[in-house]
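Reader: I'm new to this one and would like a close look at the charged pairs, and then at a strand with its neighbours. Could you walk me through that part slowly?

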Amino acid sequence: MLVTLREVLKDAQEKKYGVGLFNTVNLEMAKGVLAAAEELKSPVIIGTAEVLLPYASLEELAYFLVPMAKKASVPVVLHYDHGLTDKKIVEAMRLGFSSIMYDCSTDTYENNIDRVAQMVKIADMFGASVEGELGHVGANDESAGDDSIYTEPEQARDFAQRTGVDALAVAIGTAHGAYKEKPRLDIGRLAEISRTVPVPLVLHGGSGLSDEDFKNCVANGISKINIFTDINCAAAKAAHDFYKEGCGLTDIQNQITEAVKQETMKKMRIFGSAGRG
């Protein structure tokens, strides 16, 4: 069933488990993610990000993601991640995405609030949920341990109140992409933000963290966890491992889907969402 973040994250926040967002760029990945959710009876968030649009357009993805989400027996949020432009965000909602993230985290604090608050009003007309970001989750080639980009608890409360977001992505030391060195997570900061901010919290840059890191983050207030690199790499590895001379796409297609499914199930078990759907 197609739902919004509000419907899945409230329960996750109350019962201290995490719901994964698994971004996808093709049908094989989508089938793997949703098969994992169905098998484990887990709520799931699926979608794409603006940075991934060169690999599959919003319109192409919506053609199969919307009906697949509606058909599923578990709650499925169709989420547009890291939306950077108003035009693409509105396009996603018009195509049936039930949730969007408006990433204004590199703008000034006041501009971030103003822009996200305005998007919340627009999303409300579509019945869609909105995620914002405060602090900045960068890439792994950016300077590690730069506390200036971390989320401040009191600012986070002010941001949530003034924007009306349904979920808030926080910066506590994670980064996007594959990690080149062990991340330094500020769990104490996360716990303080969780005590201060009423809305569910989101962890970006999840791929590559240890199982213990994930469990620690969920125990201290994270309700949504973003994953792409891990399932993307699982798909590529399956294509490599099952290819042999003379193979066609159909000879490795199901194995790619199965690899994505298994990696997704692994994450769902770690996050604690299995059996919650």
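Author: Let's start at Lys224, which is buried, with a relative accessible area of 0%. Keep in mind as we go that this is a predicted model. What does Lys224 pair with? Its salt-bridge partner is Glu131, and the closest N and O atoms of the two are 2.8 Å apart. Glu131 sits in strand β6 (residues 129-134) and Lys224 in strand β9 (residues 222-227), so this pair ties together parts that are 93 residues apart in sequence. And is Glu131 buried or exposed? Glu131 is buried, with a relative accessible area of 0%.

Asp166 makes a salt bridge with Arg6, with 3.1 Å between the closest N and O atoms. Here, too, distant parts of the chain are linked: Asp166 is in the loop between α6 (153-163) and β7 (167-170), while Arg6 belongs to helix α1 (residues 5-15), and 160 residues separate them. Asp166 has a relative accessible area of 16%, so it is buried, whereas Arg6, at 40%, counts as partly exposed.

How accessible are they? Arg157 is partly exposed at 33% relative accessibility, and Glu154 is partly exposed as well, at 48%. Elsewhere, salt bridges with shared partners join Glu110, Asp158 and Arg162 into one network. Altogether, the count comes to 14 salt bridges.

On to the strand, β3. Strand β3 covers residues 44-49, and six of its six residues are buried. Which residues line each face? Val44, Ile46 and Thr48 are on one side, with Ile45, Gly47 and Ala49 on the other, and all of them are buried, leaving both faces covered.

What does β3 pair with? One partner is strand β2 (residues 19-23), which runs parallel to β3 and pairs with it over three bridges. Zoom in and you'll find Asn23 with Gly47 of β3 as its bridge partner. To get from β2 to β3, the chain passes through helix α2 (residues 27-40), and this β-α-β crossover is right-handed.

Strand β4 (residues 76-83) is another partner, also parallel to β3, with six bridges between them. Ile46 stands opposite Leu78 of β4. This step has its own helix, α3 (residues 58-71), and β3, α3 and β4 together make a right-handed β-α-β unit.

One last stop takes us back to helix α2. How does α2 meet helix α10 (residues 249-271)? Their axes come within 7 Å and cross at roughly 45 degrees. That angle makes α2 oblique to α10, and the crossing of these two helices is right-handed.

Key:
Residues are numbered from 1 along each chain as its sequence is written. This is a predicted model: local features need pLDDT of at least 70, side-chain atom pairs count only at pLDDT 80 or more; totals for chains, interfaces and linings use all residues. Side-chain values use heavy atoms; hydrogens and water are left out. A salt bridge is a side-chain nitrogen of Lys or Arg within 4 Å of a carboxyl oxygen of Asp or Glu. Helices (H or I, at least four residues) and strands (E, at least two) are DSSP runs, numbered from the N terminus. Buried means under 20% relative accessible area, exposed over 50%, partly exposed in between (1.4 Å probe, protein chains only). Two strands pair if DSSP finds at least two bridges between them. A crossover is right-handed if, with the strands pointing away from the viewer, the path from the first strand over the helix to the second runs clockwise. Axes are lines fitted to C-alpha atoms, for helices over the stretch in contact, and angles run from 0 to 180 degrees between N-to-C directions. Angles under 35 degrees count as roughly parallel, over 145 as roughly antiparallel, 65 to 115 as roughly perpendicular and the rest as oblique. A crossing is left-handed if the near helix is turned anticlockwise from the far one by less than a right angle, and right-handed if clockwise.
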